[in-house]
Amino acid sequence: MPSIAELLFDAEKGQIHIPDFQRPWVWNKNQVRDLFTSLYRRYPVGAMVFWPNRSNGIQLHSLIDGRQRLTALYHVIRGQQPPWMRETPGAFAQPLGFNVVDEEFGYLSDKLAEDVRWVNVSEAFVDTDFLEHFDSAAASSASGGRVSHAAVVERIARLRDITQTHINKEVLPENLDIDRAVDVFEILNRAGTKVREADLVVARLSLVWPEVRESLDKAMDRWEESGFRVPSEAVLRCLAAVVADTVDYEGLYGSKGDRERPPTAEKLMTAFEQLVAATDAVLTKLRNKLGLSQVRPTVLNRGYVPVVFAAQRRASDELPHVDVDAMIGWWQLSNLHNHWSSDVRNRLAVAVSALGDGAGASQLVEQLGKPGRPLALEPIDFRIQRKPSSAEYRLLLTMTKRCGAMDLPSGESLSFDHIGENVELEAHHIFPKAFLAKQSGVRVEQIDQLANIAFITRRKNLKIGSKSPAEYLGELADENFENLRSQWIPTDRALWRPGAYSRFLEQRSRLLAEQANEFLRGLLGDEAWQAAKDH
């Protein structure tokens, strides 16, 4: 078991790797005080758990449990901020003090700092001649005879001897895979910061490329500012694909089986630059083709990984035949068929491998869907409950912005993001909910069906209110049917009557399915769309 002094020395020399997957500092000052109280009284303070890995042939130990304790120890015993911290925590705004009479720890206010009974703990550790400078006789006198001069000296010596306390060191098996490492961390740290796969991957990558966290955060923050929330796990799987043609994280640091030499920092940084450029290009296409809003961030699922991989390989002239636009159509179709709801890693691996072997969107389409279920959309796909998170809901919003839809009743184009107050597009019930609630024979589950939804600006939504469709749609129809047709609303006036609601849903869902398939065909291209129809 190493002593605290040995642990601090190893941390200073870089022999202990401090992964950056937890928040830099989560303890409060009471926890720091309690740690030193326990050490002074020789109570157990728990084991530190290390994960050994090699970097350029050098054995390093990544600390995966015990970072808060090591940080507190370093800050107090060395009297300065640890080299692995980016900011000065508020817990260290005041120096930790030790009362040699009451044998208690506390924080030194200006008043306590002048009290001869209180020792500045950091000064006691840093100053090798501290006992010669400290007026132990005055401290003894201030105790009113309760504590002798010799006892004061002994207590300071006991405090300084904390550095010789041994800490139990637990070591995980070398090169433990990421899944197991996550499990271990979760067991050890149930009440603390939740660790993700990406956190441990970044921790391991930082052995070779120390700036990986900073580079990753910078790119992800910029994408989010542009309206895209990209999962860090997906970015790292993309990076693995760029580096090693695999979505497995092991591609980033060499396989554990044959001990391949891991990618160098230069190779990782170059690959990351290529990944960022490809992601920028894909996100730009997504915004242009899908009309995605900058007001509400779009959360991307991991299915976008093959799209970015294809864009990067095409940019480097390795896959010149791949159509990135068609790949975006493939991704849209995959979302509509819940392709990423399970077995995500294996499905990503199959797609990336197929692309690497020369496949395009047409071949990838064949991996989608379930037996007996056509890939082309059907009216039944729009007879579902309205859920903003569903792929069908998002597709309807995309169609509204990219297929010539006009606002009701103004006729303004909705093919762009409006600017100003109350103009963000809202879901509007063509047969208003309040109106349907008063009609007999209409089931509750029918009211909120997607086939009853159109997207219009908020001010128009408020103006329509709970009017009957026969009234407000009739007013539009008296001028022309173009606004209605642009929103795929049946123009048969008989379908706008209360008793015709079921038939209205049937007709509108058919119109929506026809437009959706035409839109998907435009994204995929004729060849890939034909593959989808023949599936």
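What is the mean pLDDT of the protein, and what share of its residues reach 70 or more? The mean is 85, and 90% of the residues get to 70 or more; pLDDT is the predictor's confidence in each residue, from 0 to 100. This is a predicted model, where local features need pLDDT of at least 70 and side-chain atom pairs count only at pLDDT 80 or more, while totals for chains, interfaces and linings use all residues. Residues are numbered from 1 along each chain as its sequence is written, and side-chain values use heavy atoms, leaving out hydrogens and water.

**Confidence by element**
- Helices here are DSSP runs of H or I with at least four residues, and strands are runs of E with at least two, numbered from the N terminus.

**Largest pocket**
- The largest pocket holds about 630 Å³ of space.
- Its lining has 26 residues, and L292, T298, P388, R394 and L397 are the ones nearest the centre.
- Seven of the lining residues come from α18, the largest share.
- At least two lining residues each come from β9 (298-299), α15 (324-336), α18 (391-402) and β10 (425-429).

**Cysteines**
- The disulfide count is zero, with a disulfide taken as a pair of cysteine sulfur atoms within 2.5 Å.
- C238 counts as buried because its relative accessibility is 2%, buried being under 20% relative accessible area, exposed over 50% and partly exposed in between (1.4 Å probe, protein chains only).
- C403 is partly exposed, at 24%.

How values were computed: 1 Å grid on protein atoms, 1.4 Å probe; cavity = no way out; pocket = protein on both sides within 12 Å on 5 of 7 lines; lining within 4 Å. Points joined across faces, edges and corners; volume = space filled by probe spheres on them.
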